[in-house]
Amino acid sequence: MIGYPPTEELYLGCECMDLDHVALFIYFPPSEEDSKSVIEDIDDLPTIFLSVSTRNYFEEVLPPIIYFYDKTAWQTFFYNNWYKRLWFAGRYIVNPTYLREFGILDAFDFQNKDLDKLDAFLALISSDIDDNIKENSELWLDDDRWAIRFQPTRLTFKNDDTEQPWQLGWEPHFKQRGFFGRIRYAFKYIFGIHSPEKNFTLYEKDAAKMRGMIKWVQEENFALLKKEASKIEGMTEWMQNINKKDEENDK
Ligand SMILES: [Zn+2]
């Protein structure tokens, strides 16, 4: 049994501001009774519970007739079309370790302004911060149906190589299962049979890793900021030189 009521909770929204994308962290401190008896048997307590909302976004069925001449509307239609669910589910059935890069349901990115708050919350169960985080580090959490993968992410744009700031994000994936399990969950996925709410548990080691990822993202963004600032300084010098030349010409 876990102590009730929770003493701390943290609601966070996604970078994209979509109201369907939320993450709720709840910390239940162990009750006094627990700390005497049960907890001694479980090394991993105390824990934080994470509830996330994620839905199936490959759901476009009809083409955008009203915007027939709008190229972007058609691109969105093909990008979000439900036939992709068949493709992902099929690949999962034949390959238990199938992993789509951007997840198979809605993905989520924490807002960078919230990372300090999240870090302070995770510190409730872990004073450690994992120092071995790299660009491609991953943290997996799973419940009995889904797995979500946390990792540092950043946006990239076609025809624009400006370095975007790093973010901490997660995306949902199928779990590794036996053949019949894969068939069952592949069909559930195709027909959209799942609740938008999914629940996970964070243990001390998970919190340490997530804190490490937050630190990594913040340090990288600080370095990026310094780099951008030095470009502006360089620019000022360049402007000053032009002004000097102008003044000399005027004389
Ligand atoms: Zn979002």
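**Helix axes, and how this predicted model is read.** An axis here is a line fitted to C-alpha atoms, for a helix over the stretch in contact, and angles between N-to-C directions run from 0 to 180 degrees. Helices (H or I, at least four residues) and strands (E, at least two) are DSSP runs, numbered from the N terminus. The model is predicted, so local features need pLDDT of at least 70 and side-chain atom pairs count only at pLDDT 80 or more, whereas totals for chains, interfaces and linings use all residues. Residues are numbered from 1 along each chain as its sequence is written.

**View 1. Helix α3 against helix α5.** The axes of helix α3 (residues 83-94) and helix α5 (residues 179-190) come within 9 Å, and they cross at roughly 175 degrees. The two helices α3 and α5 are therefore roughly antiparallel to each other (angles under 35 degrees count as roughly parallel, over 145 as roughly antiparallel, 65 to 115 as roughly perpendicular and the rest as oblique). On the α3 side the meeting residues are Arg85, Leu86, Ala89, Tyr92 and Ile93, and on the α5 side they are Arg182, Ile183, Ala186, Tyr189 and Ile190; two residues are in contact if their C-beta atoms, placed from the backbone, lie within 7 Å. Sorted by class, the contact of α3 with α5 holds eight nonpolar, no polar and two charged residues (Ala, Val, Leu, Ile, Met, Phe, Trp, Tyr, Cys and Pro count as nonpolar, Asp, Glu, Lys and Arg as charged, and the others, Gly among them, as polar).

**View 2. The open sheet β1-β2-β3-β8.** Four strands make up this open sheet, in the order β1-β2-β3-β8 and with antiparallel pairing, where two strands pair if DSSP finds at least two bridges between them. Strands β1 (8-13) and β8 (197-202) stand at the edges with a single partner strand each, so one side of each is left without a neighbour in the sheet. From one strand to the next, the twist averages 15 degrees. Helix α4 (residues 115-122) packs on this sheet and touches β1 and β2, with a direction that makes about 150 degrees with that of β1.

**View 3. Bridges in and around strand β2.** Strands β1 and β2 run antiparallel and are joined by six bridges, and Gly13 stands opposite Val22 in β2. Five bridges connect strand β2 (residues 22-27) with strand β3 (residues 48-53), which also run antiparallel. Here Tyr27 faces Ile48 in β3 as its opposite residue, while Phe25 stands opposite Leu50, again in β3. The loop between β1 and β2 contains Met17, whose phi is near 65 degrees, a positive value in a residue other than glycine.

**View 4. The open sheet β4-β7-β6-β5.** This open sheet has four strands in the order β4-β7-β6-β5, paired in the antiparallel sense. Its edge strands are β4 (108-109) and β5, each of which pairs on one side only. Strands β4 and β7 pair over two bridges, and the bridge partner of Asp109 in β7 is Gly169. Helix α6 packs on the sheet, touching β5, β6 and β7, and its direction makes about 140 degrees with that of β7. Eight bridges join β6 to β7, with Arg149 standing opposite Glu171 in β7. Strands β5 and β6, which are joined by four bridges, form a hairpin with four residues between them.

**View 5. The largest nonpolar core and a second core.** A nonpolar core is a set of buried Ala, Val, Leu, Ile, Met, Phe, Trp, Tyr and Cys residues joined through C-beta atoms within 7 Å, and a residue is buried if 20 or more other C-beta atoms lie within 10 Å of its own, exposed if 12 or fewer, and partly exposed in between. Of the 29 residues in the largest core, Phe150, Leu168, Ala207, Met210, Met213 and Val217 touch the most other members. At least two residues of this core come from each of β2, β3, α4, β5 (139-142), β6 (147-154), β7 (166-173) and α6 (204-250), and α6 gives the most, with seven residues. Leaving aside neighbours within four places in sequence, the contacts of Leu168 are Phe110, Leu115, Phe150, Pro152, Met213, Ile214 and Val217. A second, separate core has nine residues, including Tyr92, Ile104, Phe174 and Tyr185.
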